[in-house]
Structures are given as C-alpha cells and as structure tokens.
Amino acid sequence: MSTWRLKGRLSLPAILFCLAGAFAAAFALLSPEFLNRANLISLQRSVAVELIIGLAQLAVLAIGGVNIAVGATGVAAAMAAGWLMQEAGTAWLLALPAALLLGTAIGATSGYVVVRTRTNSFIITLTMTTIVFGAMVVATKATGFNRLPTDLTAFARLRLAGGYVTPLFAIALLASGLVFLVLNRTVTGREILMTGANPRAAHASGIATRKLVVFCHAASGLLAAIAGIVLMLRNNAAIPSMAGNLGQEWLLSSFIIPILGGASLFGGRASVAGCIGGALLFAVLRSGLLTSGINDFLLQMIFGLLLLATVVAGQMAAARDEWRG
Amino acid sequence: MSAVLAGRGLTRSFGAFRALDAADIELQAGRIHALMGENGAGKSTLIKLLGGIYQPDAGKILIDGHPSLLPSPKVAARTGIRIVHQERHLIPDFSVAENILLNEMPLTRSGLIDFSAANRIAEKLLDRLGIGIAPHRDVATLSAAQQQQVEIARVLHGTSRVVILDEPTASLTPVEADQLFTLLRKLAAAGVAILFVSHKIDEVYALCEMATVLRDGRVVERARPLSEFPVDDLVKAMVGRSIEAGRRASPRHVAGPPLVELAGVATELGHKGIDLAVRPGEIHGLYGLVGSGRTELAHAVLGDVKVTAGSIVFAERDGPPESVTEAVRHFRIGHVSEDRKREGLALDQPIRANACAAAWRRIASRWGWVERQNEEDAVAGPLRELDLTTSDLSLAAATLSGGNQQKVSVAKWLVADPRLMIFDEPTIGVDVAAKETLHRHIRKLAEDGCGVLLISSDLAEVITLSDRISIMSNFRIVGLLENSGDYADMSVRAMRAIQAATAWSSASWSHQPHREEHS
Amino acid sequence: MNTMAIQHLQRQPLALAGLLLAGVLFMLLSGRGFGSTYNLYVLLAGFSITMLVALSQLIVLAIGQTNLATGSIGALGAIIAGGLMQELGVAPFWSCSAAVVAGGLAGAVNGVVVNLTRLNSFIVTLATFAIYRGLVYAVTEAQPYYGLPEGFKEFGIARWGAVPVMFVPVVLILVGLIVFFGRMRFGRAVLATGANQQGARLGLLPVAGVVLFCHVLSGLLAALAGIVTAARLQSAWPTVGDTWLLTSFAAPILGGTALSGGKVSVVGAALGVAVIALAENALILYAVDPYWFQLAIGALLFGTVVATATGSRGTEFAR
C-alpha cells in the first residue's frame, strides 16, 4: 500500500526508478565504463549500503521521529563484530548476531528514553550518537579490524545470477522485503503509521503508541547495525572512520533516501518501494557523477540541493492539495 | 446612524463547503450586538472575515460606510477592530502587563523596555476596566477567567472601536460571566461597538440589544431588536430543522444493573465524590459548562487520568483500566473525542485506516497479518449504516467534509463493537443533516445494548438524546435528572442545579481545582 | 507545568554553577597546573569559541527551531575570511566583515526557506548543512589557508595575562543578548514567538521577521565563531565546525533553554559552555583520550535531559 499516489499518474517509486534508469543511460553514453561489470557490482554494493541506511531512518520516520545515531550505531555494531571475531576469537555465526543485538539495544534504549522523558527523538539520538561513538572509540582505541574470517570475505566476494548480483545487494533487498511486510501487511505496521500521522488519535483509539515508538527505534538500531555489517563486508574491514566522525557521513543519505521516496518527516507516510527508488537514484547519481569527474565535495552540495528541492516540492504539492477547514 | 463596521454579502468557502453565504451584518457604536447560531453555522468564519484573518470570496466590508480592505489582522487592529478569540493566546511566561502591551511596551530614554512604566500603564487600564489583577503577575499563574480578562484588556489597549468576542463565556462560571457583562456594558457606554458571539440564549437576552442569527452559513435574522424577538422565534431561527428532531425526544427508563459504576471517585485533576452509573442500553447525558471537568472525567474512565479515591467498577471487571489501550482492547470502551482534528482522525491517512484504527487487532488473522480486503470487509457495514458514500476508501480522510469526517470517527467505534461508548461533543461543527444521522446512530447503538455516556454543552442535544442527565459543575456532579423530554422544563432544572452549585462554591471558595483547557 | 519550567530556568543554571565551582576547586587542588596564567588563557579562549557556537544555536532554539548548519556556516566563515586574506590580499578587517555577512546570508537562506515553505527547520538546515559544507570543500579542495596576515594571527593569540583578546567581543555579545532577551522589544518578540507562535501572530508581532532575524543572527554568530577559530588555529581549515553539532545544543540545553522554544537562559548557556570548556581542559591536563570528551558531554547532556523531563501523565506525546 503506497499512501502517496499521484492521481492516476505514475507512482513516486516508479518515477524514481525511471529517473535512475535515465541517469544510468546518460552516464553510460558519456562513459562506457559505467556499464562494465566491475562498476555495476560496485554500484550494487553502494546501493545495498545506502538502501539499508535509508531503511534505518525510514523505520523511525514512519512514527514521526528521527534517528541521528544511525551512523554511530552502524559503526559501533561493525566494530563490535570486528572485535569479537578478530580479538575475542568468536565465530562469525555468533559475532554477527551479537552485533545486531547491540544495534537493536542501542535503538531500543533511545526509544525507551524518548517515551519516558517525552523529549523529542532528535536530542535523545544526538546525545546517543556521541555516547555510542565515544564509547566505541575509547573501547577500540580507534584502530580498525581488518582480519575478518575467510568465510565472510568469501561470502562478500560471491557473485550470484551469472556474476552480476552481489550477496550484499540480496541482503539489502531481503531487509527491504521484511520492512515492507511489517509496515504494510501487519497490525503493527498499520498502527505505526497511524501513530506517526496522529499520535493523539492513535492513543485515543487504544493503540499502544509508546511501545511502538520503542519498537521503531529498536528496528532502526537493528537496520543500522545491518548497514554497518554490510559496509564492513564490502570494505573487508571494520574501520572506526567508515561513516565519518560520529557517523555523520550517513546522516544526509539516511534522510535523503526515504524523503526522496515520499516519506514524511512528520510521520505516517513511509514507502519502502520509494526508499528503494531513492537509494537507486542516489547511488546512480553519485557513481555517475564521480566517474564523470565531479569531486566528492561538490557531490555533497548537489545532494543537499536535491534534498531541499524534494522537500520544497513535496510541501508545495501538499499545499496545493490541502483541504482547509 | 451609520454603522461603524458592516459586512455586505460576505461569502467564504472551504473546498466544496460554503461556510458563509452572502451574509450581511452591521455594528453600531455603543451597541451590543449578538451573533447567534449553532456550532458550524458560520459564526467563526464571519468574525474571522471581519477581523482580517480570512479574506472573503465575495462581498465587501464597510468601515464608517466606506468600502475597506482588511488584508491582515494587523490592518484590522489599526482600524480599531479587535477580536477576543475563544482560545487563549497569551504568552505564559510573560507578565500580565507585557501580555497586554506586547509590541507597544514603553521604553526608557536608553531605548530599553521600561517594565515599571508598563506595569503603571497596565494597572491604569485594568483599574479602568474594573479588573483586579496585579499587572506584574505571570499569566501562567492566572485562572482561565483571569486570562480571558487579560485578553480583553489587551484588545482594549489603544483605540478599539469594535470589539468582537467569540463565545467568551464558554469557560466562565455564572458569577464570572456577570463580571464580564458589567465590563462590556461599561465599554458600550464609552461608545465601543460590541459583537457578542454566543449560542447561549439567556446570556444574549441579558446583555444584548439586537441579534443577527446565522444558520448553515446564511443570515436568517438580521439585526432584530431582542425586545421584539420572542425566545421561541430565536430558537427556531437558530436550530431550524433540527428542533423538529428535538421534539422527537423519547426518553426511556432503562433498568438493570449498571455497565459501569463510579462511586466517590476523585482524580488527580480535582474531581471529588463523583457518583455516576451507566446501564447497558442507556444514553446517559453529562451536561456542564466547558471546563467543568466532563472531558477529564471521561479520560478517568478511559484510564488516562489517575483516580485517587473511590471506585470505577465495570460489569465484568474492576476498573479503571490501566491505559487507554487496555480500555479499548479489554474493557471495550469506545470514545469519540471533542477534538476531532487532534484526537479523532489522522487526516492524511486513508479513510479505511482511520475506520479500522481501533479494531485492527480484531480484524487481523493470526500472526497479526492484515490484508486490505479484511479491512474493507470490516468497515463496509458501519460506513453504509452511517450513509457515508465515498467511492474510494484509499483517499485521505482530509478529503471528506467535516460531517463525513465525524462519521468516520464514529464508524471507527462501530467497527470495534464497544460495550460502552463515550461521545464527547459529538456534533460540534457538524451540519444539520450529519447531526441527525449521528443522533440516529447514537440512539441505535443504545437500542442494541451499548451503554452511552453523552458529553455535550449543547443542552438541546442532551435533552433530545438522553434517558438520564447528570449535571456537572466545577469537577463535581451536582444533580442527576430523569429526562422528561421537555426542553423548557429540563433547561430550567439543569441551569438551576449549576447555579445552586456555583453560588454555594463561590460562597465557600477555598481552592480551585486544577483545570485542563480543552477548547 | 509552566511554573515547573520556570523553576527549571532558575534551578538548572544554579546546579551548573555548583558543578562549575566544584570542578574549578577540584582542578585547582589537583596540582596539574590548572591555575597557571597560560592554562587559564587556554581555558578562556576555548570558552570564547564554544560560547559563540552555543549562542548561534540558542538564538534559533529561542523560537523552537534548530540550525544543523551552524558548523558548515562556521567553516564558510573561516574559509571566506582566510581566502580573502590569503588569495586576494584583502585587509583582515574587511575580510572578516565579508565573512560575517556571508554567514548572515547563509542564515538568511535558512530563514527565508523556512518562512516561505513552513517546512521544519530541521530538514531545511540538514540540506543547507550539506550544501554549505560541500561548497567549502569544493572551493578549498580540502586544503587549509596557512598564509594568513600577521595582524589576524595576532588577534588569535593576543592576551592580557590570562584574558585572551577574543574573550572581549564574546563577553560583549553575551551581555548584548542578555539585554536583548530581557529588555528589548524585539528580543521579547522572539521569546513570544517561540512560546506561542499563533498568539504572537494574533498579538500583531512580526512573526516572519522574527524567524528570519533569528536565522540571520544564528548565521552571523556561527561565521564569527569560524573566524575566531581560524585566528586561534593561525590557519583557516575547511574542517572548522565538524564537531560543533553536539556542543551547540549541549550548552543551551544544559543551561535550561527549552527545545520547544520561548524559554532561553543566556547565563545558563554561558555556564554550560564553562562546564564544557572546563571538562575539555581537565581531560587535556590529565592527558586523557579526547574521545572521552565527547562521551562525557554526551553523558552529561543525557543526564540533564532525563533529570529535567516532565514525569507527569498527560496527553503530551514524543516520538
């Protein structure tokens, strides 16, 4: 169920897919390397990471919150996995679930504090960011772990579907499918969207809004941890700076992807298909612009403008359709 | 004598809904003019046009006989037209003086705000108006009535030629209302034109010289002197068709053990010694002024406000519920809130989702799985019963008219199949036809065996629907009346109960309970 | 509830003052050279920069909004001033003035977009955070300006005993803001807008002007903080402001400024900055890993938010 329908015309995710396709075609015309297998694989890997980052933010946007700590949580989970496997000698079959559990616990803590203190999630997750990131750096002394078990490195190098699909991308799609089902086919998902759209009405309808807030933050933490682990597999190492200082490098993409996909910052509107389209467009643009020689910094500026344009356009569309009374 | 402020053919629509249709109004200096009409008749829209908050789609505004534009409240204020809104718009942490003067705070020679000069100016103004509030107090520490006095003082600072008051007595006790009337008469004597917006008939006769009556967005009586305007005619003008519905009132005597019984209940918000019982199949009216604690009592039954003494016992189990969630899921209590926008519906969610919000757990299959088809099957019946005809349940609730939105928030509870329904001001801001549908459904719910607690400040509605009526004043139940169905008789008895209680409480007033504003 | 909030306004600065006093006493007795003139100078210089950053956030918090772009605008200020001085040889005074004006313009963009679209300031400033930051890195290609004129560098290290020169303008701005919020019409209009925007509008206050003003002033202060940072580092780095986000919120909130708007405490924010500067200084004197600093400030802020949260039941929701 996509709640954002553009009256009889193309749905938003479809527009995003078309745009991503058009840009891909344009970049392929400009430079043929864009379509070679190595680039397609690397494109997929970055779509995979960005998509899961976007889903991590989507999980809290759905209920009208934000999670500034997505990056810090992801890095902390990856570092925990790295430490467990390399320093503590834990099998990856135990280390990875432990890392996911850590991410979930971080998210659940944020959510619990949000509902207990009735403070908005922005400030809680901002403090959580520094606590988690600070603790991670202090604990690991800011050194990375680059000797991952061979099982894992082999898994990351696997190629599926005739060598064109990476397992990381498959993980991202699997996560998307799961989020989609919970959000659109279960009572919990229905109640989350209702809570996001109007928490007072949801509360008055007997929906356990506080539990759902904790649930969404926990889910966000879990997805952030998955993103961290996927990035670790992609880099073949867990590195403290892999999401920038305090994980800030994930911040922009975590918002831009779901919001491109039609998610509302005020809750109640969250489209997984839109999120996939947003991640595709984001990754294609970045990869294409980088291969055509635009530097990384200008790229950040372009994405900032894109975010601004998206939210302004969304707001204008909303103002046009507004029913007042 | 020409009018200070006049509107000619004022029209304003919201979407497809015409809130005001070619309305005329004239205000004269020194006269108190009543603007009457039921909820949703277009009173608020008219005063917002006169105050420059809305712009008319058609028609014009005349000031001293000259066509004028009021593009903003600022321009209106400069012309001397000021509105005292129904909601309070004060800055809680600022003093009384600063709230009155706000952007006109006096400055010292160095250009800084001179708070003591501000206090002097405010004190002079408050003295002149006979308002006994110290100007240096923070408004957060004032009672609701005092805050309203501050808003009136704010409006009267400077040159006000027209003062419009929107339902000013909604949260006042009769004694406080009398003080307000004295103040307004003083103003009129000083030459200010006053528009008094209300639907309380006795107040209007006590205070005003003439009345303009709106119904369904049209002026049905224009500036008619109240001395030649019998009460019956005025009521007929206001209520129109729905008074016919009112005549059909047929209270029943419902016997049997109560569905829910409150005994000696006190709450954290200041309720004391509340006794109340609702039987299965009974419509129990809960009448009182805004701010008398009715909504808050409903929240106590729902488990949202802490009960500090006494007991709430349900037929099957002891209450109160621990949370609204428990109230809905296990006690099967439904609640249509007075605040439709904020508590009733999520306007940007589909109609289908809104109608299912209280019942997803019943609709879902095992494992919490919900398909769209399950939802549509569940809501089809209730929506049809409520005559809600819409082609597409995926549209946002915001696309519906106010009356249909209210129907969706009732349908939500029909889907959930409650044992006890609490309706809080169910027909506020709803057109007459939708109101009749809703009334019919409240009756049908009761006939099907559901207990109904009906909260309303519309006495006619309470008398039309209820079997028994509890009267609430100042967070206490001050009377329990068997409904005779006769409006004249019942309204006198209800008012008498409230007045007796206020007279008693103002004589031995020791402390005022904490009130939550629900306006 | 309002009276509770008022009590917080007074209680939080008091608690902070107590914490500060205890911290200073402890450090004085610790025998790690805390009381030396040079260390006090380092402390005050750190205070000056963080104070500007905190005020830049406080002014938008006053209207219940946020400015995530303070760090990026700070970097913009630093590199515009640095670039003008080094590349174009413009005099320090004019370079810095131009940089401050640019900061004001960057803030004005935030304010105008917020006013026109009525979008949440969070998402608007998240976008401009990326735009300004990208601009800074694109222009400088991530390289700092080292060749700054002596006069400018002198400003960054000049001191009278323990008092850095840069401390003076910061104190003046602090006093100015105290007067602004306490005794000036426009300052009161800012607080009124933050407390009750609809009430302010119906009370005929210039709400849109207030919103624009606060974003512009926030930009001006952020750019100034960036310039002072460049003076202190003796070079203008594009990385200026990378770590400001937390501290910019931490100091005002520690000092009792409400996230919801309408309640500010400039003195409280100054005490908050002092506590933060003291913590930073103590960690340096004890040679502790600087990441403990982030952890400590995060924990302190976390504790404050939890301790001051309203525990009552009601119809307030947070997500």
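**View 1. Strands E11 and E12 of chain B pair in antiparallel fashion.** Strand E11 (residues 260–267) of chain B is joined by 4 bridges to strand E12 (residues 274–278) of chain B. The model shown here and in the other views is predicted. B:Val265 has B:Ile274, in E12(B), as its bridge partner. E11(B) and E12(B) make a hairpin, with 6 residues between the two strands. The turn includes B:Gly270, whose phi is positive, at about 115 degrees.

**View 2. Strand E11 of chain B also pairs with strand E14 of chain B.** The partner here, E14(B), covers residues 307–314. E11(B) and E14(B) run antiparallel and are joined by 6 bridges. Opposite B:Ala263 stands B:Ser311, a residue of E14(B).

**View 3. Helix H2 of chain C is mostly covered.** H2(C) takes in residues 37–61. Of its 25 residues, 19 are buried. How far apart are the end C-alpha atoms of H2(C)? They are 35 Å apart, which agrees with the 36 Å that 25 residues should span at 1.5 Å a residue.

**View 4. A:Phe255 lies in the largest nonpolar core.** This core has 259 residues, of which A:Phe255, C:Ile123 and C:Phe181 touch the most other members. H2(C) supplies the largest share of this core, 14 residues. Leaving aside residues up to four places away in sequence, A:Phe255 touches A:Gln57, A:Leu61, A:Val66, A:Ile68 and A:Leu265 in chain A, and C:Phe122, C:Ile123 and C:Leu126 in chain C.

**View 5. Chain C contains 13 helices and 2 strands.** The C-alpha trace of chain C spans about 55 × 50 × 35 Å along its principal axes. The radius of gyration of chain C is 19 Å; a compact globule of 319 residues would have a value near 20 Å, so the two agree. Of the 319 residues in chain C, 58% are buried. Among contacts in chain C with a separation of 6 or more, 79% join residues 24 or more positions apart. Chain C exposes about 11,900 Å², and 68% of this area comes from carbon and sulfur atoms.

Notes
Residues are numbered from 1 along each chain as its sequence is written. Chains are lettered from A and ligands numbered from 1 in the order in which they are written. This is a predicted model: local features need pLDDT of at least 70, side-chain atom pairs count only at pLDDT 80 or more; totals for chains, interfaces and linings use all residues. Side-chain values use heavy atoms; hydrogens and water are left out. The expected span of a helix is 1.5 Å times one less than its number of residues. Buried means under 20% relative accessible area, exposed over 50%, partly exposed in between (1.4 Å probe, protein chains only). Two strands pair if DSSP finds at least two bridges between them. The radius of gyration is taken over C-alpha atoms; the globule rule is 2.2 Å times the number of residues to the power 0.38. Contact means heavy atoms within 4.5 Å. Accessible areas come from the Shrake-Rupley method with a 1.4 Å probe; for residues, only the protein chains shown count as cover. A nonpolar core is a set of buried Ala, Val, Leu, Ile, Met, Phe, Trp, Tyr and Cys residues joined through side-chain atoms within 4.5 Å.
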